[in-house]
Amino acid sequence: MKRRGFLIAGGLLGGGVLLGVGLTTAPSAASRLGDKTQLPTEPGQVALNGWVKILPDGRVIVASPRAEMGQGVHSALAMLVAEELDADWKQVSTEQAPLAQIYANTAVLVNVLPFSADDDSLLANLARRSMQRVGYLLSLQITGGSSSIRDAWEPLRLAGATARAMLLDAAAQRWNVTPESCQVQAGVVRHPASGRQAGFGELAPDAARISPQQDLTLKTPSQFRLIGKPMPRTDIPAKVNGQAQFGIDMRPEGLLYAAIRHCPVLGGKVHKLESAAAKARRGVADVIVLQERAVVVLADRYWRAKQALDALDIEWNEGPNAQLDSAQIDRQLKQTLDSKDKGSGFRQLGDAEAALQQAERQLDALYRAPFLAHAAMEPINCTAQFKDGHLKVWCGTQVASLARWKAAQVAGIDSDHVTLHVPLLGGGFGRRLELDMVEETVLLAMQAQGRPVKLVWSREEDMQHDMYRPVAMASFSAALDAQGRPQAWLNRVAAPSIGLATTERLLPSMAADSPDKNQIEGAFDLPYAIPNLSVRQLRVKTPVPIGSWRSVGHSYNAFFTEGFIDELAHAAKKDPFEFRRALLVDKPRHRAVLELAAAKAGWGQPLPAGRARGIAVHESFGSWCAQVAEVSLQDGQPRVHRVVCALDCGVVVNPDTVEAQMQGSIVYGLSAALYGEITLKNGRVEQSNFPDYEAVRFAQMPQIEVHIVPSSAAPGGVGEPGTPPIAPAVVNALFALTGRRIRELPLRPELFA
């Protein structure tokens with residue numbers, strides 16, 4: 001990506017608005033097919049287009065431009081190709097795609113648009129197509145926003161269908177028959193009339209000389225042979241036998257290891273450093289002050305680098321944030337909500353304020369959600385080598401194209417002189433959308449005289465210098481009529497802007513305090529039929545670095561809105577399920593998952609003494625998800641016994657993966673609801689590792705049941721939609737159990753004392 005392209009990308013990723021771009025045509029699947037020369041091959045391999053190449057023994061390799069971080073995306077992308085190619089699944093594998101325009105993620109930028117998923121208006125569709133075009137033109141190679149399958153659904157199926165047609169043509173020419181008289185079954189081309197057959201590997205060299213067809217018809221769902229069936233994942237065997245290579249496993253020859261310590265106070269700098277003793281230690285190559293805010297030790301072993309770092313005597317200049325604490329930030333949020341600041345209006349129906357004044361009954365509430373860390377299992381790391389004007393980077397990143405741009409920028413070279421390798425990621429959750437690890441590692445590599453450098457953050461550094469899920473606070477006022485029907489909904493959400501923070505990091509000169517859909521998503525698109533509605537966003541600036549966390553703004557707005565709607569149901573003396581169901585009369589996909597979750601959970605049926613159920617429904621990333629949580633209190637602690645999840649994500653590619661994604665996202669969200677909280681004192685993050693930033697453990701795991709709504713609609717996302725509903729479902733269940741309404745997270749035991 002060149003500088004001009006990056007300028008535009010930075011603005012868009014930072015929450016910029018599309019208007020004015022002037023592009024209204026999404027890239028076609030055919031335009032993304034690519035040329036066979038774009039796919040690197042080794043001797044014997046034959047590429048048929050930009051996505052598919054075939055080995056002499058008939059094995060099929062699919063180019064995967066998305067990062068595999070445990071979500072099963074490599075397998076799902078390969079299934080799309082294999083389905084249309086009619087390949088034997090056992091002969092299919094994937095490899096990392098190079099950086100090129102045909103591999104751009106055209107779906108991810110759609111997430112920044114302020115439209116709900118079921119908005120089918122002309123304006124919404126024009127905006128979506130424009131964003132797809134922009135993502136393509138910028139060659140954005142990003143894994144995030146639950147967008148991988150949404151982006152690949154047509155292009156990769158067409159890549160498989162095109163390759164199949166080329167193989168059929170090659171066989172027909174060889175046997176002097178028509179292509180229509182030939183068939184493909186399990187990776188073998190057959191001519192039933194003559195009994196002749198040939199494998200993909202035999203035919204591939206001839207097929208590669210045939211011009212690909214552009215007007216192929218893709219299979220209908222009734223013709224799917226692989227899609228929709230549970231298939232074994234291509235990445236699992238290597239992860240089981242230890243052959244899998246993650247970023248932290250990279251060990252190029254001559255490697256130096258780097259251990260780092262940032263100033264413990266956010267925004268602080270190194271004031272004084274005595275490094276002579278550390279430099280004299282065994283294996284230590286250098287001690288470096290990095291960007292004034294961190295100290296790094298380079299050594300021939302990571303342990304030696306870390307030991308030397310721990311022995312250093314560092315004096316810090318704590319800077320202007322030395323007195324910052326969580327209570328101060330909470331006051332800032334509350335004062336903003338209480339102020340006359342109207343912020344940015346994201347949705348307006350009727351006149352909510354007038355309706356409140358005329359209401360039979362008014363309810364008010366204040367909700368709060370804390371900062372959260374990503375806490376990916378693989379610590380932050382990156383490896384780089386700068387030699388002879390060329391830079392090699394190995395990094396488990398979710399933003400490959402931006403990582404290469406950043407590396408080139410830091411090194412002062414053109415992007416063409418950067419080779420980026422993307423190994424497996426040991427978890428991402430949005431943390432690896434950031435580029436701080438790339439910037440730091442390249443700076444170190446520039447000082448290493450040609451030797452490669454691997455930077456590894458300790459768990460404590462990762463926990464205390466993350467780009468956190470922002471803290472947020474929301475005020476609600478609602479009106480009920482005499483029959484208990486909501487007549488007005490007034491919602492103000494105060495939080496730091498992820499869009500602004502991202503733009504300030506990527507491109508400070510373009511940073512602007514503009515409306516940010518990320519902050520308000522899951523609130524402005526409230527699905528319930530309420531005639532007077534106002535949702536406004538208020539942006540609050542804090543020194544705490546923030547970024548995208550799994551499901552982004554949905555993660556806290558679902559807690560806020562589904563908690564408050566439960567309050568309205570209680571005030572109306574109505575069943576929470578029936579109350580929601582009645583308000584979703586014009587939202588069939590919301591209503592379908594709500595009804596399915598309730599039915600499978602046995603909603604309304606008796607539970608053992610001391611247990612209760614709660615329900616929540618939420619749409620995010622093009623998928624609809626409802627959950628019912630079954631809870632109790634044990635020794636004053638909330639205990640979740642069972643979670644029933646219903647999901648409508650359109651066409652399902654691999655149901656095993658979808659179920660695993662729901663289970664993982666529920667556990668991730670449940671860990672945050674029960675324990676997750678990043679707090680600050682004296683400018684320092686107080687948490688440092690899993691003992692004080694806990695996650696749900698095996699013994700605490702609830703029974704999770706996943707039920708998928710059959711659908712032929714285009715695929716929605718599955719990586720994130722399971723996270724938003726779990727917190728409100730649990731909190732609503734605890735209210736049903738205790739009568740105590742919890743409006744803040746995490747669910748600390750003192751809330752139930």
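This is a predicted model: local features need pLDDT of at least 70, side-chain atom pairs count only at pLDDT 80 or more; totals for chains, interfaces and linings use all residues.

Visitor: How are helix 5 and helix 6 oriented to each other?

Guide: Helices here are DSSP runs (H or I, at least four residues), numbered from the N terminus, while strands are E runs of at least two. The axes, lines fitted to C-alpha atoms over the stretch in contact, with angles from 0 to 180 degrees between N-to-C directions, come within 8 Å for helix 5 (residues 155-175) and helix 6 (residues 200-207) and cross at roughly 90°. Since angles under 35 degrees count as roughly parallel, over 145 as roughly antiparallel, 65 to 115 as roughly perpendicular and the rest as oblique, the two helices are therefore roughly perpendicular.

Visitor: Into which classes do the residues of the contact of helix 17 with helix 18 divide?

Guide: In this contact (heavy atoms within 4.5 Å), Glu 562, Ile 565, Asp 566, Leu 568 and Ala 569 of helix 17 meet Pro 576, Phe 579, Arg 580 and Leu 583 of helix 18. Ala, Val, Leu, Ile, Met, Phe, Trp, Tyr, Cys and Pro count as nonpolar, Asp, Glu, Lys and Arg as charged, and the others, Gly among them, as polar. The division is six nonpolar, no polar and three charged.

Visitor: How many salt bridges does the rule find across the interface of domain 1 and domain 3?

Guide: The domain assignment, automatic or from a database, gives domain 1 as 33-105 + 140-236 and domain 3 as 326-372 + 468-751. The two bury about 1300 Å² between them, 64% of it on carbon and sulfur atoms, where buried area is the accessible area (1.4 Å probe) that two parts lose on being put together, summed over both. On the domain 1 side, Ser 146, Arg 150 and Trp 153 lose the most area to domain 3, together 35% of what that side buries. With a salt bridge defined as a side-chain nitrogen of Lys or Arg within 4 Å of a carboxyl oxygen of Asp or Glu, the number across this interface is zero.

Visitor: Which residue is joined to Leu 745 by a cis peptide bond?

Guide: The bond has an omega of about 0°.

Visitor: What is the phi of Asp 388?

Guide: Asp 388 sits in the loop between strand 15 (381-387) and strand 16 (390-394). Although Asp 388 is not a glycine, its phi is positive, at about 55°.

Notes
Residues are numbered from 1 along each chain as its sequence is written. Side-chain values use heavy atoms; hydrogens and water are left out.
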